[in-house]
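Please consult the sequence and the structure shown below alongside the text.

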Amino acid sequence: MNAIGTDGLKRQAAEAALAFVRPGMRLGLGTGSTAAHFVELLGAKAREGLELLCVPTSEATRAQAERCGLKLTTLDDYPELDLTVDGADEFDERLRLIKGGGGALLREKIVASASKRMVVIADASKRVATLGAFALPVEIVPFGARSALRRIEAVAQEIGLVGKAAIRLTSQGTPFLTDGGNSIVDCAFGAIPDPEAFAQALDATVGVIEHGLFIGIASSVLVASESGVETLGESPSA
Ligand SMILES: O=C(CO)[C@H](O)[C@H](O)COP(=O)(O)O
C-alpha cells in the first residue's frame with residue numbers, strides 16, 4: 001500500500017484524462033472503478049456547462065452517467081466517437097491491453113473501436129512487461145459453453161499456452177452473465193508472449209464472441225504512480 005492508495009492513484013489518472021476532453025465531443029465511457037472516477041469528474045464538468053454526448057460501455061456505467069447528469073447517446077445515432085476513456089486490467093509498453101475483469105469487454109471493445117482515440121487510465125500496478133498475469137477474459141455464447149472452453153484451451157495449447165480456463169461464476173456461485181447475456185471464460189494461462197497470435201486464434205474459435213486482448217486500439221495510457229501521472233503514447237495535443 002502506498003501513501004496515496006490505489007484508489008487515489010486511479011482518481012489521479014482519471015483527472016489527467018480530462019485534458020483530452022474538448023467541448024462538443026462524443027465520448028465513450030468505460031467500465032470499472034477507474035472509469036467510474038472519470039465519469040464522476042466528467043459529470044461535474046457537464047454540470048458546469050461542458051457540452052458532451054456520451055456512450056456508456058455497460059449498464060452500470062449508464063446508470064452512473066445518468067445519475068451524474070451526463071447526456072447519453074448511442075452508436076446507432078453516432079457511429080463514430082471522438083474519444084473513449086476506460087480502465088484496463090493490464091497494459092504493456094506497446095499499449096496492448098487485457099480488459100474484461102468487470103465483464104464489459106464486448107461493449108468496451110465496440111465503443112473503443114468506434115472512437116478516434118482510446119485513452120486508458122490506470123494505476124501503476126496494471127503495468128506489466130508481458131501480458132497474462134491477469135487471467136484473460138473471453139466472452140462466449142452460453143450455448144455449449146463447456147465445449148467452447150475446451151476449444152479455447154486447445155487453441156491456446158497450439159501456441160504454447162497451458163493453464164486453467166474456467167467459466168466465470170458470480171459470488172453466489174451462479175453463472176456470471178454479461179450485459180449482453182453471454183458467459184465469460186477466464187483464461188489463466190500465464191504470460192502471453194505473442195498476444196497477436198493468441199488474439200487471432202481466439203477470433204477464429206467457434207463460440208467465442210470477443211476476447212479481452214485489445215491490440216492496436218489504445219492511443220494513450222495514463223499511468224498514475226506515487227511520482228505522478230505518466231503518459232504513454234499520444235499526449236492530449238496530438
Ligand atoms: O475492463 C474492465 C471492465 O470490463 C475494466 O476496465 C477493468 O477490469 C479495470 O477495472 P478497474 O478500473 O476497476 O481496476
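Predicted model: local features only at pLDDT ≥ 70, side-chain atom pairs only at ≥ 80, totals over all residues.

**Lead points**

T57 lies in the loop between β2 (53-56) and α3. The protein contains 6 helices and 13 strands, and 45% of its 238 residues count as buried. The points below begin with T57, then turn to the whole chain, the helix pairs and three further residues.

**Surroundings of T57**

- T57 is buried, because 27 other C-beta atoms lie within 10 Å, and the cut-off for a buried residue is 20 or more.
- Not counting residues up to four places away in sequence, T57 touches G28, L29, G30, T31, D86, A104, R107, E108 and V111.
- T57 and L105 are 48 residues apart along the chain, and 8.4 Å separates their C-alpha atoms.

**Overall form**

- A compact globule of 238 residues would have a radius of gyration near 18 Å, and the protein agrees with this, having 18 Å.
- Along the principal axes, the C-alpha atoms of the protein fill a box of roughly 50 × 40 × 35 Å.
- Of the contacts between residues at least 6 apart in sequence, 76% join residues at least 24 apart.

**Packing of α1 with α2**

- Helix α1 (residues 6-17) and helix α2 (residues 33-47) have axes that come within 8 Å and cross at roughly 50 degrees.
- This angle makes α1 oblique to α2, since angles under 35 degrees count as roughly parallel and those from 65 to 115 as roughly perpendicular.
- The crossing in which α1 passes α2 is right-handed.
- On the α1 side the contact involves K10, R11, A13, A14, E15 and A17, which meet S33, T34, H37, F38 and L41 in α2.
- By class, the contact of α1 with α2 comprises 5 nonpolar, 3 polar and 3 charged residues.

**Packing of α2 with α3**

- The axes of α2 and helix α3 (residues 59-67) are 9 Å apart, and the two helices pack at an angle of about 25 degrees.
- That angle makes α2 roughly parallel to α3, because angles under 35 degrees count as roughly parallel.
- The crossing of α2 and α3 is right-handed.
- A35, A36 and V39 of α2 meet T61, Q64 and A65 of α3.
- The residues of the contact of α2 with α3 fall into 4 nonpolar, 2 polar and no charged.

**Packing of α5 with α6**

- Helix α5 (residues 145-158) and helix α6 (residues 195-203) cross at roughly 145 degrees, and their axes come within 10 Å.
- The crossing of α5 and α6 is right-handed.
- I152, V155, A156 and E158 of α5 make the contact with F198, A201 and L202 of α6.
- By class, the contact of α5 with α6 has 6 nonpolar, no polar and 1 charged residues.

**G43 in α2**

- G43 is located in helix α2.
- G43 counts as buried because it has 20 C-beta neighbours inside 10 Å, and 20 or more is the cut-off for that class.
- Not counting residues up to four places away in sequence, G43 touches C68, G69 and L70.
- The C-alpha atoms of G43 and L70 are 5.6 Å apart in space, although these residues are 27 apart in sequence.

**L52 between α2 and β2**

- L52 occupies the loop between α2 and β2.
- L52 is buried, with 22 other C-beta atoms within 10 Å.
- Leaving aside neighbours within four places in sequence, L52 is in contact with M25, L27, A46, L70 and K71; L70 is also one of the residues that G43 touches.
- L52 and R26 are 26 residues apart in sequence, and their C-alpha atoms are 6.0 Å apart in space.

**Backbone of L95**

- L95 is found in the loop between β4 (90-91) and β5 (97-98).
- L95 is buried, with 20 other C-beta atoms within 10 Å.
- The phi of L95 is near 60 degrees, a positive value in a residue other than glycine.
- Most residues other than glycine have a negative phi.

Terms used:
Residues numbered from 1 in each chain as written. Axes fitted to C-alpha atoms, helices over the stretch in contact; angles between N-to-C directions. Helix = DSSP H or I, 4+ residues; strand = E, 2+ residues; numbered from the N terminus. Parallel < 35°, antiparallel > 145°, perpendicular 65-115°, else oblique. Left-handed = near helix turned anticlockwise from the far one by under 90°. Contact = placed C-beta atoms within 7 Å. Nonpolar A, V, L, I, M, F, W, Y, C, P; charged D, E, K, R; others polar. Rg over C-alpha atoms; globule rule 2.2 N^0.38 Å. Buried ≥ 20, exposed ≤ 12 C-beta atoms within 10 Å, placed from the backbone.
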